[in-house]
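Morning, everyone. Please have a look at the chain on the screen, and I'll walk you through it.

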Amino acid sequence: MGATVPMDIGKKHKPPLAAAAKFFEEKCRLLYSAEELHHHAQNDHVPEIVVLGASNAGKSSFLNALVGKLNTAKVSNRPGKTTTMNAYGVGPRPKIARDLIRKGSMPPKYSLVLMDTPGYGYKSRSDWGQSILKYLNERKTLRGAVVLLPADKKLQNTDRWMLKTLAQSNTRTLVVLTKADKSGEAWPAVCNTLATGVRKTLLRVENSATSSWREGSDHVGDVYATAANMGASPRLGNGGGIGGVRLAILEMAGFALGERVEKQPETKVYSGAIVSFDDIKWKT
């Protein structure tokens, strides 16, 4: 299992950090909201990363820090504010050969989709939402999941269930500890204690008979510590651990990292079922 990645990952990462910051902060827009799997927009080419966490994990603050804006996702003091899956388009317009675009479709305007989800807080799958579980198992462009765990809380049974669910769906997973600043100067020790528990859980899940994660695979990576609300500046930049998480998300989504963020060109056309535009159900 990987180590806990601190909130400052060092000078040697400055060129990739700057490129990642430019990628995430260039533009971000709410594309649509969906209650069911069939409400999701057609997507053949753009990688999707789903963001998961309990109702008190700070998903809105995390998403706002990730894209460098204060009001992309609305922050609420009332847990469970998000009730639908909300898709955000991030990054520059991707370069995709015209002959790879489905006939009658427009080329995508964003390079990455971040999928926000309602907070999980229940033990049963039906209570949390079958539509989200279907998304994890059936969405073809899903490339990974970010699981947010508040550093000021202990690992909950619902968190363990979520990690097990991701293992069963063979979804590559990145664990991010949020609210590290709430522990003050003791944050390294607090985060390391929680990260140790997370790694033990991941190892048990990975080695379980029901897990689709393969032992030694890259489906289980490092644990990152973040503090999305650190400081009073309206622009967090790459501070508070956000820069390292940006790099990890882009790598998980299939981007090459350097002085520029680049996606490998697609070499084959879409081969899935063709759905008429009129048959796509949208939720706004």
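The chain has 7 helices and 10 strands. Those are DSSP runs, H or I of at least four residues for helices, E of at least two for strands, numbered from the N terminus. This is a predicted model: local features need pLDDT of at least 70, side-chain atom pairs count only at pLDDT 80 or more, and totals for chains, interfaces and linings use all residues. Residues are numbered from 1 along each chain as its sequence is written, and side-chain values use heavy atoms, with hydrogens and water left out.

Burial next. Of 284 residues, 50% are buried, meaning under 20% relative accessible area with a 1.4 Å probe, protein chains only.

Now the largest nonpolar core. It has 40 residues. A core here is a set of buried Ala, Val, Leu, Ile, Met, Phe, Trp, Tyr and Cys residues joined through side-chain atoms within 4.5 Å. Val 50 and Leu 177 touch the most other members. Helix 6, residues 187-207, gives the largest share, 6 residues. A second, separate core holds 31 residues, including Val 245 and Ile 249.

On to helices 2 and 7. How do they pack? Helix 2 (residues 59-66) and helix 7 (residues 242-253) cross at about 85°, axes 10 Å apart. Axes are lines fitted to C-alpha atoms over the stretch in contact, with angles from 0 to 180 degrees between N-to-C directions. So helix 2 is roughly perpendicular to helix 7, a label for 65 to 115 degrees. Phe 62, Ala 65 and Leu 66 meet Ile 242, Val 245, Arg 246 and Ile 249, with contact meaning heavy atoms within 4.5 Å.

Methods:
Angles under 35 degrees count as roughly parallel, over 145 as roughly antiparallel, 65 to 115 as roughly perpendicular and the rest as oblique.
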